[in-house]
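Hi everyone, thanks for making time. I'd like to walk you through one model today, so let's get it up on the screen.

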Amino acid sequence: MTASRDKSVSSEETKGEKRIRKIRSYVLREGRLTKGQQRALEEHFPNMGLEYQEQPYDFEAIFGRKAPVVLEIGFGMGKSLAEQASIERDKDFIGIEVHKPGVGACLVLAEEYDLTNLRVINHDAVEIIDKCIPDNSLDRIQIFFPDPWHKKKHHKRRIVQTEFCQKLHKKLVKGGILHLATDWENYAEYMLEVLNPMEEFKNLSETGDYVPKPDSRPLTKFEARGQRLGHGVWDLMFSAK
Ligand SMILES: C[S@@+](CC[C@H](N)C(=O)[O-])C[C@H]1O[C@@H](n2cnc3c(N)ncnc32)[C@H](O)[C@@H]1O
């Protein structure tokens, strides 16, 4: 199968003779932009959007101040991210999402909340982490309800993997927080299997597994519905050693 036909592969890179195939943690959904999303992208992406670049961003220049920076990977439609940025105005937020309508939806909310402490990126988070995020620069990284990739043969496409978490660790300040949440118990267990043995992180759970939902994570509409239907949600929090 060629790289372009295999949807799990985002690109093929050649390093000397060795070919490195990158696993993709998402499927790019075809999705039309609503008029509101289109308008928000046109009006606000020039000021609130960050493009992929080959060098690390300068957060102080981007936000015009020095403040703790929170990064969210895969923010979906941005509801909880925008709400959080509106509550925690003393922090700066960066959200990464590959799905363009989601980026538009988040910018609609950014306008509603009149946010100045949020920037959005429409690109693969794996590449953004590799190239654009400076080391020791983030106070918190959050990944809420990442795509669960239910089938065992697809588990390699889950974004939470040892190598990726090692990269995330490099981006966090010492004591910085990695916060994960999922509504899929098998993925919650998988996250624990990846993170608990890593010496770079300390699990903040008193029982060595999950933490109660922290106030810093606003409830999403999807999650509230799940709660009414009796579905579980698992929060995991680790601090960077
Ligand atoms: C199941 S959704 C959850 C969205 C949101 N966090 C929520 O709780 O409603 C997972 C999201 O992660 C995004 N995603 C997956 N892999 C990504 C990647 N490598 N870079 C950026 N976004 C990604 C998907 O496009 C999708 O919107």
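The UniProt record, an unreviewed entry, puts a "binding site" feature at K151, D183, T220, K221, F222 and E223; such positions follow the numbering used here, feature names are shortened, and annotations may be inferred rather than shown by experiment. Of these, D183, T220, K221 and F222 are included in the lining of the largest pocket. Pocket here means an open set of points on a 1 Å grid over the protein atoms alone, where a 1.4 Å probe fits, with protein on both sides within 12 Å along at least five of seven lines; lining residues have an atom within 4 Å of a point.

A word on the basis: this is a predicted model, where local features need pLDDT of at least 70, side-chain atom pairs count only at pLDDT 80 or more, and totals for chains, interfaces and linings use all residues. Residues are numbered from 1 along each chain as its sequence is written, and side-chain values use heavy atoms, leaving out hydrogens and water.

Back to T220: this residue sits in the loop between β9 (201-203) and α8 (221-228). Helices (H or I, at least four residues) and strands (E, at least two) are DSSP runs, numbered from the N terminus. Is T220 buried or exposed? T220 has a relative accessible area of 15%, so T220 is buried (under 20%, with exposed over 50% and partly exposed in between, using a 1.4 Å probe and protein chains only).

Now over to α3 (residues 79-87), whose buried residues are S80, L81, A82, Q84, A85 and S86. They pack against β4 (69-73), β5 (92-96), α4, β6 (118-121) and β7 (138-144), with contact meaning heavy atoms within 4.5 Å. Thanks, all!
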